[in-house]
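Dear colleague,

I am handing over the structure below.

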Amino acid sequence: MIKYLLLVSLVIHATLANSESASKKWLTLNGQRPSVIARGGFSGLFPESSDFANQMALGTSVHDVVVLCNLQLTKDGVGICQGDIRLDNTTNIAMLFEKGSKTYKVNGQDLTGWFALDFTADQLLANVSLVQNIFSRPSAFDGMLPMSTVDDVRNSNPPAFWLNVQYDAFYTENKLNVTNYIQKATRLQGVNYISSPEIGFLRRTNGVVNKAKTKLIFVFLDKKATEPTTNQTYGSILGNLATIKTFASGIVVPKDYIWPVNAANYLDAPTSLVNDAHKLGLEVYASGFANDFTTSYNYSYDPSAEYLQFIDNSQFSVDGLITDFPPTASESVACFAQYPDIKPTKGQALIITHNGASGVNAGSTDLAYQQALEDGADIIDCSVQMSKDGVAFCLDSVDVTGDTTASAAFMSLSTTIPEIQQPAGIFSFDLLWSDIQTLQPQLTSPFENKGGLPRNPANKNKGKFLTLAEFLELARVKAVTGILINIENAAYLASQKGLDIVSAVNTALSNATFDKQSTQKVLIQSDDTSVLSKFQNVPAYTRVLYLKDEISDAPKTPVGEIKKYADAVTLPRFSIVPTIDGFTTATTKVVNEMHAANISVYVTVLRNEFVTLAFDYFADPTIEIATYTSGIGVDGIITEYPATASRYLRNPCSSDSMPESSYSIIPAEAGSLLKTVPEETQPPASSPTPALDVADVVDPPLPAVTKPASPPPATSPHSSAVANIANLVLSLVAIVVFSSLSLV
């Protein structure tokens, strides 16, 4: 099954990625497009250098992708592809050969484990299976794929093949000759690149390979590490690039050699390394790219943004990207680099914000909205909350503890309101607007505690909150495509707090003349059909019903009820593409069922962080966006990172934009990856999600706005004391007067 799927993918991409725009001018050494080098194939998804990993890399990458094999030698001199010299880190060998552990000195360090040179090729290939050794990646394929020899990888027919020799000195000390192996391999199979961090090996190899067909590349390791031939640190060798040119045509460097990251996890200015190397005629390949590694906050958890930093800036471009996720590097090189944004086309999915660009700035602040507009959002949103004195303003939740610093100043107001939420909170309707204005915004991340992925700490408390009127004025002045106004808790506010949020919104929209124009879209969203019914007489408004709970189906009867109140629905992601244990399982019919009733569908909430993405999306938010828009056909996506969505939807590689592009970003086919997992190791089926019911749609009428009863004025001890003193004074005065009269 897997080979069939991969073959289909390969054919699709081979058809779409067979040309290159002649108009692109690259700042690489040779002026050509940077290479995409797949380290161990698609090792971000499947175990490194497995057949699945290699085939998937070929099927999802640019047509000239380079497949990289990290060479290890067996006891009988057979070359296998494994990145870690200790096989117990990437295979199940420790379970099979329990007494096979040994300790060796490798580059001056004692390492204990299972080493390839202690086993024959037959022992390894017939018994040992691969495992994924990075916990953020799927473990479902562990134990089902054999190790690959160099011949196996070459037989997959990659357009170009790269052999990395990390441990020549180690194998030489243990009586295995890597140079002889390389000589035979290049003669019989052809190797396009040979790399090593050992100068002695490259000097010897210089005389045994055809340099017209095979490039020799020197690999820089950590700057403080010692190169075994010269006993110099790699940092000191970096200062003498001219020497490297005598035995190599290029260098591989960790990406922070080029774009350093400071202690606060932000980018510093780039070094001159790429330009210095290019002046000497050396190619530069950057290594260490992986979608599921934590990177600089500058990239906002968007892996394409990081690749573009290295290939699409005004100063330089590296000559190649070594990555565990070749599809993302491919889309960055072939699609996003050097392409200006194109105008949105009619019918294209709308980019709708979730509290502005709340992945970059504190949500619902002026900075979040300004960032969203700069990033290409079509619709900016305001979730309306009410202050105690009736001021409507924008904030994600009626509980202000999450998005503001209210806990420090107003903890005494914390209370529990089961009608709104189970946990205790500090609620906006218990604070005056003047109180709220004293609060600082707070940029939070839903993954900060669970995944250790905070958002842009430098902007954590920056920005100011906007009243609804200020938000509408911003939208009017900036001439945005449209706005989304979200209304919740209307019944509670009316009956318990005497606050009419519906009238507040209606009045604000009318004052800003949004009810009398058709230029800008106005989306009124609520989870309450009675709220939406209050806006049915304004033709300029599109009413959106927010179905918060996950559903598996949308039968005609409840859909018919929706049509009475709304023109569109907002659905959680999993109502459209459900998942189990990180794998998508299928695509529901909900979007098609809504479209059949002429109801638009918006999906929420899309985020960049890889921990929120199913394995089918390759830890790449762009693939998820492509799946919902180009694949399934939703009418809008609600996102906290509008820049990522805009880059895809305003790009020639979007199937909605320019299908004749040289490369196409293929949406995920929900459930296909899970089918490649053996049935016995597949996750157990989850309990079925209910279908939409009429009771989930229709809400009771809104209650009348009732002012809460005012409590009787409290008499403080201080006030009583004052009154008592006054009475005493009056009594004394009366006594004095009475005495005076008596004397008279």
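Which domains does the domain assignment of the protein chain give? There are two: domain 1 covers 35–335 and domain 2 covers 352–682. Please keep in mind that this is a predicted model.

In an unreviewed entry, UniProt lists "domain: GP-PDE" for residues 34–333 and for residues 349–649.

Next, the interface between the domains. The C-alpha centres of domain 1 and domain 2 are separated by 41 Å. Contact between them involves 32 residues of domain 1 and 31 residues of domain 2. Together the two domains bury about 2,400 Å² between them, and carbon and sulfur atoms account for 65% of this area. On the domain 1 side, Y301, E331 and C335 provide 25% of the area buried against domain 2, more than any other three residues.

How many salt bridges are counted between domain 1 and domain 2? The count is 1. R647 and D302 form a salt bridge, with their closest N and O atoms 2.6 Å apart. As for polar contacts, 9 residue pairs are found across the interface of domain 1 and domain 2, with both residues at pLDDT 80 or more.

Which elements give two or more residues to the side of domain 1 that touches domain 2? They are helix 2 (51–60), helix 12 (303–311) and helix 13 (326–336). Helix 13 gives the most, with 6 residues. Sorted by class, this side of domain 1 has 19 nonpolar, 9 polar and 4 charged residues.

Turning to the structure as a whole, it contains 23 salt bridges. One of them joins the side chains of R650 and D378, at 2.8 Å from N to O. What does this pair tie together? R650 sits in the loop between helix 24 (642–649) and helix 25 (672–675), while D378 sits in the loop between helix 14 (366–374) and strand 13 (379–386), so the pair links parts that are 272 residues apart in sequence.

Two points of backbone geometry remain. The peptide bond from T604 to V605 is cis, and its omega is near -15°. V605 belongs to strand 21, which runs over residues 600–606. T513 has a positive phi, near 60°, and is a residue other than glycine. Where is T513 placed? T513 is in the loop between helix 19 (501–511) and strand 16 (521–526).

Regards

Definitions and conventions:
Residues are numbered from 1 along each chain as its sequence is written. This is a predicted model: local features need pLDDT of at least 70, side-chain atom pairs count only at pLDDT 80 or more; totals for chains, interfaces and linings use all residues. Side-chain values use heavy atoms; hydrogens and water are left out. UniProt positions are given in the numbering used here, feature names are shortened, and annotations may be inferred rather than shown by experiment. Domain bounds come from an automatic or database domain assignment. Contact means heavy atoms within 4.5 Å. Buried area is the accessible area (1.4 Å probe) that two parts lose on being put together, summed over both. A salt bridge is a side-chain nitrogen of Lys or Arg within 4 Å of a carboxyl oxygen of Asp or Glu. A polar contact is a pair of N or O atoms within 3.5 Å; within protein, one must be able to donate a hydrogen and the other to accept it, and residues adjacent in sequence count only if both atoms are side-chain atoms. Helices (H or I, at least four residues) and strands (E, at least two) are DSSP runs, numbered from the N terminus. Ala, Val, Leu, Ile, Met, Phe, Trp, Tyr, Cys and Pro count as nonpolar, Asp, Glu, Lys and Arg as charged, and the others, Gly among them, as polar.
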